[in-house]
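Please keep the sequence and the structure in view while reading.

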Amino acid sequence: MPFEYRGDIAHADIAFNAWGDTLEELFREAARATMQVMVENLAEVRPAQTVELELEQENEEMLLFDFLNELIFYKDARRLILLPSQMTISRDGEGFKVHATLKGEEIEVGRHRMNTDVKAVTMLRYSLEQVACGWRATVVLDV
Amino acid sequence: MPAALKRISDTVWELPVSYKEGMLVPARIFASEKLIREMDAGVFEQVSNVATLPGIQRYAYCMPDGHWGYGFPIGGVAAMDPGTGVISPGGIGFDINCGMRLVLTNLTAEQVLPKLHQLVDRLFSRIPTGVGCHGFVKLKEDDFRSVIEQGSRWCLKQGFATKEDLEMTEEGGCFPGADASHVSDKAVERGFNQLGTLGSGNHYCEIQVVKPENVMDAELAEAFGLTIPNQVVIMFHCGSRGFGHQVATDYLKLFLSVMDRKYGIRIRDRELACAPFHSPEGQAYYSAMKCAVNMAFANRQVILHHIREVFSELFGASPDELGLRMVYDVAHNTAKLEKHKVNGKEKELLIHRKGSTRAFGPGAPGLPECYEKTGQPVIIGGSMETGSYLLAGMSSGADAFFTTAHGSGRTMSRHEAKKRFRGDKLQREMEARGIYVRTDSFGGLAEEAGPAYKDIDEVVEATELAGLSKRVARLVPIGNIKG
């Protein structure tokens with residue numbers, strides 16, 4: 001199960017768990033879970049625009065936090081619904097680095113079935129951990 | 001309900017400091033017995049976490065509409081000693097100065113109903129709603145820096161406001177001391193295109209009617225401008241949009257990085273990240289937060305300007321002729337220095353209000369002259385299906401630092417609401433009941449269904465019984481635009 005929304009953590013907000021065999025897969029699933037809160041039919045988002053993203057953080061957990069916040073930023077600043085098409089996560093000295101190629105397009109109400117705006121990634125119950133089958137994240141989004 | 005919860009009165013419940021290690025003050029929740037029994041476990045966990053924050057005075061409070069938030073519960077209130085205490089973005093929220101504005105008209109329901117569809121459709125096309133929406137006011141990034149430093153004053157200079165609008169806005173529509181140099185370029189880039197937009201989630205603009213049988217205090221109603229039977233009013237709810245969300249995110253990260261390492265503060269929940277109020281980081285956030293507060297005031301002001309244009313065009317009269325005057329604008333998510341009594345002595349305190357409303361009683365300094373005797377108008381929005389309230393601040397509200405509820409409060413998760421209700425069906429059912437709704441998002445509409453919220457009548461009654469705010473009138477929706 002790549003991601004699952006949870007109704008038992010926060011009432012006014014949206015919580016989800018995401019899983020991945022690798023960190024890259026986990027980041028991809030968490031991105032889909034975040035963007036699907038805003039656009040119901042993500043499959044209809046065309047890869048018309050490309051944004052290259054490079055982020056560094058001291059650990060994997062804060063790297064995911066920044067990564068999801070970047071997707072939310074582009075939704076407001078440029079009205080773009082973006083998803084990662086290619087991604088590599090690597091150790092960078094003391095910390096971690098993600099390089100991602102994001103692809104997507106501007107919001108088009110009607111063709112995109114719009115849901116609820118995501119304002120931010122919160123720190124409530126936030127976690128990224130290694131589990132037996134890979135990685136698992138718990139994220140609560142403020143909507 | 002936790003076993004340790006003590007009943008102090010019919011509407012006040014207390015968790016003592018022994019409830020959780022590290023609590024510096026008891027936690028108090030205002031609620032009727034029914035509301036406290038229905039309150040989710042998150043409220044007790046979070047309000048007692050707030051009671052551990054350095055510098056907290058008297059009590060950590062939660063209002064009757066309280067529910068699970070992040071960091072503070074929604075409905076949370078905490079007063080910090082500015083000298084020894086902290087400031088926490090988790091006590092303010094990501095949507096800084098999310099708030100409510102109530103606007104009068106001199107039209108009656110009988111005059112508006114024949115044109116209701118046109119009115120709601122035109123409002124829907126003039127006030128951008130939904131995910132990532134941009135506004136019609138085109139600004140350069142530097143102009144936007146003026147907006148965030150000046151709030152509604154900028155709107156007055158641009159012709160989007162009247163002098164009276166500013167008087168009828170909390171703090172005159174501008175928190176002084178907002179310095180744009182404390183705001184990241186990223187926050188400006190995220191928000192400068194969003195002035196005059198409603199956003200999504202629980203943000204809306206509603207056309208409401210004041211039926212004579214729903215006026216609870218005729219004298220106060222008249223003082224607040226509700227003078228005509230079946231008078232139509234406009235209520236809307238929105239905040240500082242992506243700009244405020246980015247300010248909060250930026251400083252949450254900064255505080256997490258310095259809190260323990262630099263200031264030795266350890267907290268129970270990372271969402272309560274904080275810094276000493278007088279530290280460089282605390283002061284920088286306070287200033288940036290004020291910028292977001294001002295953006296939200298300006299945002300609601302530009303929306304009001306668009307509402308006036310739509311009414312004017314449709315009813316063929318000027319905004320003045322249509323009596324389009326503000327009752328008041330209240331902020332929900334803020335921190336502010338105010339003077340309150342602690343142990344009988346007046347003291348300056350940093351009041352965090354998260355999903356709660358300032359409710360100054362009669363005679364409080366800072367109220368416009370016309371409200372000196374009545375107390376501050378308080379606007380509490382219910383769910384889109386049930387109705388909302390206009391109330392007044394009371395002198396007896398001092399215990400809770402003159403604060404009251406902000407809405408009806410959710411009882412059902414958004415996830416659950418979407419499973420139970422269908423947006424398109426709900427829209428048809430509401431129209432059959434006389435409420436015409438426009439939205440870009442049926443999913444979002446389903447999440448806002450009436451049964452997902454507490455009973456608004458019960459919430460406002462509890463605020464009145466607790467002496468926080470007095471009911472003036474119940475407002476019934478007939479039209480709604482939502483994101």
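## Chain A

A compact globule of 143 residues would have a radius of gyration near 15 Å, and chain A agrees with this, at 14 Å. The radius of gyration is taken over C-alpha atoms, and the globule rule is 2.2 Å times the number of residues to the power 0.38. The model is predicted, so local features need pLDDT of at least 70 and side-chain atom pairs count only at pLDDT 80 or more, while totals for chains, interfaces and linings use all residues. Residues are numbered from 1 along each chain as its sequence is written, and chains are lettered from A and ligands numbered from 1 in the order in which they are written.

Along the principal axes, the C-alpha atoms of chain A fill a box of roughly 45 × 35 × 25 Å. Chain A holds two helices and eight strands; helices (H or I, at least four residues) and strands (E, at least two) are DSSP runs, numbered from the N terminus. Their order from the N terminus on is β-β-α-β-α-β-β-β-β-β. Of the 143 residues, 48% count as buried. A residue is buried if 20 or more other C-beta atoms lie within 10 Å of its own, exposed if 12 or fewer, and partly exposed in between, with C-beta atoms placed from the backbone.

## Helix α2 of chain A

How far apart are the end C-alpha atoms of α2(A)? They are 26 Å apart, which agrees with the 26 Å that its 18 residues should span at 1.5 Å a residue. The expected span is 1.5 Å times one less than the number of residues in the helix.

Because 13 of its 18 residues are buried, α2(A) is largely enclosed by the rest of the structure. Just after α2(A), A:Arg79 takes a positive phi of about 55 degrees.

## Chain B

Chain B has 15 helices and 19 strands. For its 483 residues, a compact globule would have a radius of gyration near 23 Å; the value for chain B is 21 Å, which agrees. Its C-alpha atoms fill a box of roughly 60 × 50 × 50 Å, taken along the principal axes, and buried residues make up 62% of the chain.

Two residues are in contact if their C-beta atoms, placed from the backbone, lie within 7 Å. Among contacts in chain B with a separation of 6 or more, 77% join residues 24 or more positions apart. In chain A the corresponding share is 64%.

## Strands of chain B

Strands pair if DSSP finds at least two bridges between them. Within chain B, β2 (residues 12-15) and β3 (residues 27-30) run antiparallel and are joined by four bridges, and B:Val12 stands opposite B:Phe30. The loop between these two strands holds B:Pro16, which is partly exposed, with 15 other C-beta atoms within 10 Å.

Strand β18 (residues 436-439) of chain B pairs in the parallel sense with β19 (residues 469-482) over four bridges. In a regular strand the side chains alternate between the two faces of the sheet. B:Arg438 stands opposite B:Ile481 in β19(B).

## The nonpolar core

A nonpolar core is a set of buried Ala, Val, Leu, Ile, Met, Phe, Trp, Tyr and Cys residues joined through C-beta atoms within 7 Å. The largest has 215 residues, and those with the most contacts inside it include A:Ala30, B:Val103 and B:Leu390. Helix α11 (residues 280-315) of chain B gives the most to this core, with 17 residues.

Leaving aside residues up to four places away in sequence, B:Val103 touches several residues, among them B:Val233, B:Leu304 and B:Met326.

## Where the chains meet

The contact takes 31 residues from chain A and 41 residues from chain B. On the side of chain A that touches chain B, β1 (3-6), α2 (60-77) and β8 (134-142) of chain A each supply at least two residues. Which element gives the most to this side? It is α2(A), with five residues.

This side of chain A divides into 16 nonpolar, six polar and nine charged residues. Ala, Val, Leu, Ile, Met, Phe, Trp, Tyr, Cys and Pro count as nonpolar, Asp, Glu, Lys and Arg as charged, and the others, Gly among them, as polar.
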